[in-house]
Every structure is written in C-alpha cells, then in structure tokens.
Amino acid sequence: MPSHVTIADDHGAVRVGLKYMILDWMPGTRISYAEDMTELIALLGEVPIDLVVLDINIPGGNNFQMVKNIKNKQPKTRILIFSAYDEMLYALRYLDAGADGYLQKSGKDEDFKEALNTVFKGSKYISASIRDYLLQHRLVGGKFAVNPLGELTDREIEVCQSLIQGKGISEIANEMTLHVSTIGTFKNHIFKKLAVRNLAELIDTFKMYNDRET
C-alpha cells in the first residue's frame, strides 16, 4: 500500500474529510496537502508521492495537461481525480490523459474506498455508471451520445470552461499560449457544436449537462 498520499484540493473541509477517511482505512499513511497546482508541483519536486487525490478545479489547473505535469514530475505517482464535474463528460478524458481513476464528489464513502483500493492495486477505477455507459454506447460505436458536451474536443472543453468563467479571447490565448485567432476558431466550433448563439446560452447549456446528477 502507498505510504504517502497528497490531497490536492483548495477546500479545507474536503482535505480534512479525506484525510480522516484515508487514515481510517490505511492507518499510518502520510498525508500532505496542496491548495493549488503550483504548490502540488513544488511538493512533487521535493518528496516521493505514491498517490495524488486531485480536484480538477484546483487553482492553476482545470485542464487535461495537469495530469501530464504530475506524471512528468513523478511518473510512478498514481492520480485519482476527485471532482464535482460530470463523470460522463470528464472521466474517460482524464483517464485517457493518464489519470488512474475518476470519482465524483457526490459518491458515497464506500465509493471512495473502492476507488482508492483499485488505484492502489495498479488498476484503473471508473464508476459502475461509466462501465454501464461503455457497454451501452461507446463499445458499440456511440460517441458520448447522452451528453452533447461530449462532442467537444479536449481543447474545446478547456476553452469552454474559460469562456464561462468570463475570460476574454486574448486572456485565454495568453493562458494557453495559443494565437488569438486559434481561440476564436475554438469558440466558433464550440458554438456550432452546441447550437448556441451567445455566451449566456453557452453557460446555460454547460450548466445543464455538466451539473446534472448521473
């Protein structure tokens, strides 16, 4: 079993709650914290970490590159995504990016325990809902049919998230180190794929499908 687990989440109550759950199941485990990606990357450069429990929406993160950045620092570190974001949209994307498991925060304590045990054993963790979805849709040629946001590419998802946070095209281009025209093209593709005409409709559509219960 891993001896050092880092909880990367900017909410103190979440960090404390996860700490006591982990110690209850695995007494003696070393627990450390990171409140943002900068702090997490710095920690990864200082000490070996066996597992990172990672919130997608951590400051400085909220993109698929964050998984690769962790693996670049410590390739053997396992990553369990623990997020409020809709697993139907994000789980497979983050596993494809290199994460070892994905669990929604709305899950039960037993789900978290199962996810930890699965990832610790070196296997990938996905919920029963995602497994059922794979059997019903993806494995027979479907492509995220239950959620139109699934039609967006990973880059488009990242641009979409920035847009609904109120960021402008230039700011997004600067953060992603891309040309302004490239971000504009991503925006046009997003609006076309989701059949929205303006930012207000984009926000409504994103909220409708990203915040729904699964």
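**Group meeting: a walk through the chain**

Let's start at one residue. Ser-162 sits in helix α7, which spans residues 154-164. Helices here are DSSP runs of H or I with at least four residues, strands are E runs of at least two, and both are numbered from the N terminus.

A word on the source. This is a predicted model, where local features need pLDDT of at least 70, side-chain atom pairs count only at pLDDT 80 or more, and totals for chains, interfaces and linings use all residues. Residues are numbered from 1 along each chain as its sequence is written, and side-chain values use heavy atoms, with hydrogens and water left out.

Back to Ser-162. Is Ser-162 buried or exposed? Ser-162 counts as buried because its relative accessibility is 10%. Buried means under 20% relative accessible area, exposed means over 50%, and partly exposed lies in between, using a 1.4 Å probe and protein chains only. What does Ser-162 touch, leaving out residues up to four places away in sequence? Lys-167, Ile-172 and Glu-175. Contact means heavy atoms within 4.5 Å.

Now the whole chain. The protein chain has 10 helices and five strands. Of its 214 residues, 47% are buried. Take the contacts with a separation of 6 or more: 63% join residues 24 or more positions apart.

Next, the cores. A nonpolar core is a set of buried Ala, Val, Leu, Ile, Met, Phe, Trp, Tyr and Cys residues joined through side-chain atoms within 4.5 Å. The largest one holds 48 residues, and Leu-40, Leu-54, Ile-81, Tyr-90, Tyr-94 and Tyr-102 touch the most other members. Helix α4, residues 87-97, gives the most to this core: eight residues. A second, separate core has 18 residues, including Met-26 and Phe-112.
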